[in-house]
Every structure is written in structure tokens, then in C-alpha cells.
Amino acid sequence: MILAAIAEKASVLPAGLQTGQKRIVGSLVGTRDDMDAMLRFCADHGIRAMVERHPLSAVNEVLGKLRDGKVRLRAVLTPG
């Protein structure tokens with residue numbers, strides 16, 4: 001999954017979406033001002049995202065956990 005918030009046009013080759021587990025979805029959660037206010041609130045109150053961190057070398061195991069519904073919250077792959 002890639003999460004992006006860009007203001008420019010994006011190009012996609014439809015053939016690139018035909019294989020594998022690829023999709024494009026959109027979701028409007030709020031304005032940039034809303035996001036700034038939320039991030040400021042979290043910083044002011046010590047609220048942090050809860051994530052599982054895994055080395056990139058464990059990608060296959062993490063994907064298995066994700067497919068089996070065993071990832072709690074958010075899984076993040078890190079180099080090294």
C-alpha cells in the first residue's frame with residue numbers, strides 16, 4: 001500500500017494493475033487544516049500511532065500475518 005496526498009496529476013498504466021494485488025482508492029478525510037489541527041492535538045497530548053515494526057527481510061512473514069488478519073493496528077517494514 002502506498003499512501004499519498006499530492007496536488008499534481010498522477011499517471012497510471014492500466015496494464016500495471018492487471019496482475020497482483022493492486023488497486024487505487026481515494027478517501028477524503030478532511031482538509032489540510034484539519035490534518036494540521038489533529039497532528040498538533042496529538043503532539044500536545046502525547047498521542048502516538050501504535051505500529052508493529054518489522055525488518056524488511058521479514059516481508060513475507062508480515063504479508064502472511066496481514067492476509068491471516070493477525071496484524072494488529074499497522075505493520076511497518078523498516079530497512080535493516
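In which helix is Asp44 found? Asp44 is found in helix H1, where helices (H or I, at least four residues) and strands (E, at least two) are DSSP runs numbered from the N terminus. This is a predicted model, in which local features need pLDDT of at least 70, side-chain atom pairs count only at pLDDT 80 or more, and totals for chains, interfaces and linings use all residues. Residues are numbered from 1 along each chain as its sequence is written, and side-chain values use heavy atoms, with hydrogens and water left out.

**Exercise 1.** Classify Asp44 by accessibility and check the span of H1.

Solution. Step one takes the cut-offs: buried means under 20% relative accessible area, exposed over 50%, and partly exposed in between (1.4 Å probe, protein chains only). With a relative accessible area of 60%, Asp44 is therefore exposed. Step two takes the expected span of a helix, which is 1.5 Å times one less than its number of residues. For the 14 residues of H1 this should give 20 Å, and the end C-alpha atoms are 20 Å apart, which agrees. Step three moves past the helix: just after H1, Gly46 has a positive phi of about 65°.

**Exercise 2.** Describe the side-chain pattern of strand E1 and its pairing with strand E2.

Solution. Strand E1 covers residues 51-55, and its side chains alternate. Two strands pair if DSSP finds at least two bridges between them; E1 and E2 (residues 74-78) do so in the parallel sense over five bridges. Val51 stands opposite Arg74 in E2, and Pro55 stands opposite Thr78 in E2.

The path between the strands comes next. From E1 the chain crosses through helix H2 (residues 59-67) to E2, and this β-α-β crossover is right-handed; that is, with the strands pointing away from the viewer, the path from the first strand over the helix to the second runs clockwise. In the loop between H2 and E2 lies Leu73, which has a positive phi of about 70° although it is not a glycine. Leu73 counts as exposed because its relative accessibility is 53%.

**Exercise 3.** State how many salt bridges the structure holds, and identify the partners.

Solution. A salt bridge is a side-chain nitrogen of Lys or Arg within 4 Å of a carboxyl oxygen of Asp or Glu. The structure holds one, in which the side chains of Glu52 and Lys65 meet at 3.3 Å, N to O. Since Glu52 lies in strand E1 and Lys65 in helix H2, the pair ties together parts that are 13 residues apart in sequence. Glu52 counts as buried at 18% relative accessibility, while Lys65, at 30%, counts as partly exposed.
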